[in-house]
Amino acid sequence: MVVDRADTHPGESFPETREIFWTSERDGYNHLYLIDSDSGQIKKKITQGKWNVRDVVEVDEKNRLLLLKVMGETGQDPYHLHFARVNFDGTGFTLLTGGD
């Protein structure tokens, strides 16, 4: 079963660049995708790995940077939340908070 939704950061769209954030569990984990709002096609899988995006805390549209809450990081208590940042294009993923 694939679960797609836009409730991680509801209504987050970018008219100037014609993009929308979308979350999906299509790979078994909840991750963020950047969608072309005209075609509905995936432009970029922003996050990936064996962990889940729980929330988009802040969007810096000018610098194309996201602040996220993630959980399930490998080697960590799977229920602990961590802050991370990532660029809209999926590069620069960095955990900002430490371990358990």
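A polar contact is a pair of N or O atoms within 3.5 Å; within protein, one must be able to donate a hydrogen and the other to accept it, and residues adjacent in sequence count only if both atoms are side-chain atoms. The model is predicted, so local features need pLDDT of at least 70 and side-chain atom pairs count only at pLDDT 80 or more, while totals for chains, interfaces and linings use all residues. Residues are numbered from 1 along each chain as its sequence is written, and side-chain values use heavy atoms, leaving out hydrogens and water.

View 1. Let us start with E19, found in strand β3 (residues 19-24); strands are DSSP runs of E, at least two residues, numbered from the N terminus. Because its relative accessibility is 3%, E19 counts as buried (under 20% relative accessible area, 1.4 Å probe, protein chains only). Its side chain makes a polar contact of 2.8 Å with that of K43 and another of 3.1 Å with that of R64.

**View 2. The open sheet β6-β7-β8-β9.** Here four strands pair antiparallel in that order (pairing needs at least two DSSP bridges between two strands). β6 (52-60) and β9 (94-95) stand at the edges with a single partner strand each, so one side of each has no neighbour in the sheet. Seven bridges link β6 to β7 (residues 65-71), and V56 sits opposite L68 in β7.

**View 3. F83 in strand β8.** Finally, look for F83, which belongs to β8 (residues 81-87). Since its relative accessibility is 33%, F83 counts as partly exposed (between the buried limit of 20% and the exposed limit of 50%).
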